[in-house]
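Work through the exercises below with the structure open beside you. Try each task before reading its solution.

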Amino acid sequence: MDMTKSDTFIKTEHAREGRSNQVYSKETGARIVAGCIPLDESRTKIIMISSRKHKNRWILPKGGVENDEIENFAITAKRETWEEAGVTGIITKKLKIVQDHRFAKEKDLKKIDLKIDGDLIPRTEFHFYEMEVDELSTVWPESNHRERKWCSYSEAKHELIKSKRLELVDALNESSIVKDSHNIELTDEGHVIDTKVNEDNY
């Protein structure tokens with residue numbers, strides 16, 4: 001099966017919630033998560049979203065694979081990118097599997113959960129897909145809970161490191177985004193400024 005292809009995508013009004021139908025690795029017990037690296041046509045910008053739990057952190061759209069999506073993780077990736085970022089587009093390729101860095105120091109590889117900042121974090125296996133953005137909707141399932149912005153490679157890397165999500169940096173590095181190294185413009189809080197906001201249809 002070509003993992004970059006998926007069934008006709010249907011925009012939903014509400015995001016799926018809960019983990020009762022989610023899929024876990026039989027080998028490690030890790031939760032299987034899929035998401036997208038949503039790039040513009042020139043591959044110089046990526047869409048990032050604010051974390052729902054931590055509003056001052058910026059991450060990539062992703063979420064758990066569910067039982068009815070187990071045959072094609074690209075379906076999950078497109079669904080989660082729509083639900084969390086309001087983005088639709090064409091998946092161009094699958095990136096290599098990324099493991100959760102937060103478990104790197106654990107000697108017990110069978111350990112499934114960690115507590116970080118008081119939150120219970122499940123061990124996770126990430127499957128990312130590169131997406132060429134086709135449309136940014138003004139309203140989407142989580143638009144009341146998340147913000148989004150265009151970032152260059154340098155800006156996105158800065159935000160992911162600031163959010164302590166090094167596994168997501170791995171996924172970003174695997175993508176075709178142009179690896180710029182220019183100085184980035186920051187807000188007083190240390191976040192990058194959306195340099196492409198005038199081209200977005202918020």
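**Exercise 1. The order of elements**

In what order do the elements of the protein run from the N terminus on?

Solution. Start with the ground rules. This is a predicted model, in which local features need pLDDT of at least 70, side-chain atom pairs count only at pLDDT 80 or more, and totals for chains, interfaces and linings use all residues. Residues are numbered from 1 along each chain as its sequence is written, and side-chain values use heavy atoms, with hydrogens and water left out.

Next, find the elements. Helices (H or I, at least four residues) and strands (E, at least two) are DSSP runs, numbered from the N terminus. The protein has three helices and 10 strands. Their order is β-β-β-β-α-β-β-β-β-β-β-α-α.

**Exercise 2. Salt bridges**

How many salt bridges does the structure hold? Trace some of them.

Solution. A salt bridge is a side-chain nitrogen of Lys or Arg within 4 Å of a carboxyl oxygen of Asp or Glu. The structure holds 12.

Step one: Glu135 and Lys11 form a salt bridge at 3.0 Å, N to O. Glu135 lies in strand β9 (residues 124–136) and Lys11 in the segment before β1 (31–39), so this pair ties together parts 124 residues apart in sequence. Glu135 is partly exposed at 33% relative accessibility. Lys11 is partly exposed too, at 37%.

Step two: Lys96 and Glu174 meet at 3.9 Å, N to O. Lys96 sits in the loop between β5 (87–94) and β6 (98–99), while Glu174 is in helix α3 (residues 166–174), 78 residues apart. Glu174 is partly exposed, at 33%.

Step three: Glu142 and Arg146 form a salt bridge at 2.6 Å, N to O. Glu142 is buried, at 6%. Arg146 is buried as well, at 10%.

**Exercise 3. Rings**

Which residues form an aromatic pair?

Solution. Rings of Phe, Tyr and Trp (its six-membered ring) pair if their centres lie within 6.5 Å; planes under 30 degrees apart count as stacked, over 60 as edge-to-face and the rest as tilted. A search of the whole structure finds one pair. Phe126 and Phe128 are stacked, with 6.1 Å centre to centre and 20 degrees between the planes. Phe126 is buried at 3% relative accessible area, and Phe128 is buried at 1%.

**Exercise 4. Helix α2**

Which residues of helix α2 are buried?

Solution. Helix α2 covers residues 153–162. Its buried residues are Tyr153, Ser154, Glu155, Ala156, Glu159 and Leu160. They pack against β2 (46–50), β3 (58–59), β10 (148–151) and α3. Just after α2, Lys164 takes a positive phi of about 60 degrees.

Definitions and conventions: Buried means under 20% relative accessible area, exposed over 50%, partly exposed in between (1.4 Å probe, protein chains only). Contact means heavy atoms within 4.5 Å.
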